[in-house]
Amino acid sequence: MSKPAPSAPPLKRFLQFIDGAFVESDSGGWHPCIYPGTAQAWAEIPRGNARDAVAAVAAAKRAFADPAWSKLTATQRGRLLYALADLTAANVATLAELETRDNGKRYAESAGAIGLVPSWLRYFAGLADKVGGSVIPVDKPNVLNFTRSEPLGVVAAIIPWNSPLWLLAWKLGPALAAGNTIVIKPSEYASTSTLEFARLVEQAGFPKGVVNVVTGVGPEVGQALVDDPDVAMVSFTGSEAVGRRVAEAAGAKLKRVVLELGGKSPQIVFDDAPLEEAVSGVMLGIFTSNGQSCVAGSRLLLQSSVYDRFMAAFLEKAGGKSFGDPMDQATEVAPLANEPQFRKALDYIRIAEGEGAHRVLGGGVASDRPGYFVQPTVFTDVTASMRIAQEEVFGPVLAVIRFETESEAIELANSTSYGLAAGVWTQDLRRALRVSEQVKAGTVWVNTYRGFDPGSPAGGYKSSGIGRENGHDALNDYLQTKSVWISTGQ
Ligand code: NAD
């Protein structure tokens, strides 16, 4: 008799973090984590529901009032964040492997992004005890009027799958430095690094309930957080469509909201650009993380007089890249993060061809391996009104548009509903200043791209969002001002 086939080992299960405990979902259900390199499930996360969200918010509300947190000095809160930064720095490799298993990003890129988390936490740790008030010289005798900056209460942080922990640090750092408590909802496509990070939160010594993580699909557990009356603020990073829904629901309940949404960022290359640097910058702008980056430079606006020279150098550099396992250091092109994202990129490639754009690079998928692999793809002869020039693909697809004059370049740059970022490539200082002033985008990089720092504000104009993250001012979004009047008698 032949032996029965060995059954597959059970999948690793991660747990939610609510009120200082690692717990399954109230639903009893599980959600699969799919490795994009093979399209196979590798782990499971709890499929959280509205009751999990309510429990996490209740825990965060209790923690906010508990002297174990509320009576800490700002310096003590800062110290806890420093401890969390150190623990994160010591665990980058483990956290990066989890992120790559979830979103298929090349391991080196995941480790690079998570390696930034400690500096974000340290920046906000340092700001915690720099928040002061002021004494106001009001036009009244015998009165002392001063201001206090106070935390809001429970903050819901809703994050996407492309760089979960780094983007979380943009919210968690200021939220906790300001004295709030937080409920985190990572994307159902990439939750495991955040759940592992929760262990570090516990080790760092944060009181229970100050940080909570609920997992599951957005319309179930995410929506419940936004609707919960005990959530004072929603800080959301994700797509424009969901961002609008979140803003409407939060607006109806008069909650504070910060939205970091999508983009269709232009890279404007003039004929006096430093050519080699511009070629590398445009490559980095669109093909880093396979274009799955909010600031992806997905439109190349190229001056006619340099068009042929630039495109020849660019296509030579961008072509011939091979697919590989994202965990493998040698891999050049990793898969897209999940099946919907894979289908969306392929749909846009078909749409661009249907619109009459000319495909000069890529467009193919990996026929010899499973997983969500799409080649780096470039379209020329794109016009401003085409969908490929207007809509966010969030994939490795570059749309090239030709221009003649500076004013035409500015008009093209501003011709989408988005305004997240822009790149300008020129050696003419005056032109760099003129263009960076007139482009409607939250960040403009000149002769560089993708610079980020915890001290430098990031956020969107137009449909790319509301509010700014990073920098001193970001802390104010997580604070409210109280004006105190005291009669001093005669
Ligand atoms: P998404 O909008 O689909 O999901 C983002 C988060 O919202 C996830 O956690 C999801 O579960 C949750 N969600 C979904 N429906 C919800 C609902 N009804 N209520 C509450 N929460 C809900 O975005 P995504 O696909 O995860 O990420 C890609 C998008 O994120 C792109 O558009 C990208 O440009 C944007 N992004 C922006 C920035 C930035 O800083 N501006 C950074 C990274 C990504």
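Predicted model: local features only at pLDDT ≥ 70, side-chain atom pairs only at ≥ 80, totals over all residues.

Modeller: Residues are numbered from 1 along each chain as its sequence is written, and side-chain values use heavy atoms, with hydrogens and water left out.

Colleague: What volume lies in the largest pocket?

Modeller: A pocket here is an open set of points, on a 1 Å grid over the protein atoms alone, where a 1.4 Å probe fits and protein stands on both sides within 12 Å along at least five of seven lines; a cavity is a set from which that probe cannot get out, and lining residues have an atom within 4 Å of a point. Grid points are joined across faces, edges and corners, and the volume is the space filled by probe spheres set on the points. For the largest pocket that space is about 910 Å³.

Colleague: Which residues that line the largest pocket are the closest to its centre?

Modeller: Helices (DSSP runs of H or I, at least four residues) and strands (runs of E, at least two) are numbered from the N terminus, and α9 (218–227), β11 (231–237), α10 (240–252) and α13 (339–354) each supply at least two residues of this lining. Of the 35 residues that line the largest pocket, the closest to its centre are Trp 161, Phe 236, Gly 238, Ser 239 and Val 242.

Colleague: How many residues in the lining of the largest pocket are charged?

Modeller: Asp, Glu, Lys and Arg count as charged, Ala, Val, Leu, Ile, Met, Phe, Trp, Tyr, Cys and Pro as nonpolar, and the others, Gly among them, as polar. The lining of the largest pocket has 17 nonpolar and 11 polar residues, and its charged residues number seven.

Colleague: Which residue has a side-chain N or O atom 2.6 Å from an oxygen atom of the ligand?

Modeller: The ligand is surrounded by 27 residues, and the closest are Lys 185, Glu 188, Ser 239, Leu 261 and Glu 392, where a residue counts as near if one of its heavy atoms lies within 4 Å. A side-chain N or O atom of Lys 185 is 2.8 Å from an oxygen atom of the ligand, and a polar side-chain atom of Gln 223 lies 2.9 Å from a ligand nitrogen atom. At 2.6 Å from a ligand oxygen atom, the side chain is that of Glu 392.

Colleague: In the open sheet with the order β6-β7-β23, which strands stand at the edges?

Modeller: Two strands pair if DSSP finds at least two bridges between them, and this sheet of three strands has antiparallel pairing. Strand β7 (residues 143–151) pairs with β23 over nine bridges, and Phe 146 has Val 484 as its bridge partner in β23. One side of each edge strand is left without a neighbour in the sheet because each has a single partner strand, and these edge strands are β6 (135–136) and β23 (479–487).

Technical notes
Polar contact = N/O pair within 3.5 Å; in protein donor to acceptor, adjacent residues only side chain to side chain.
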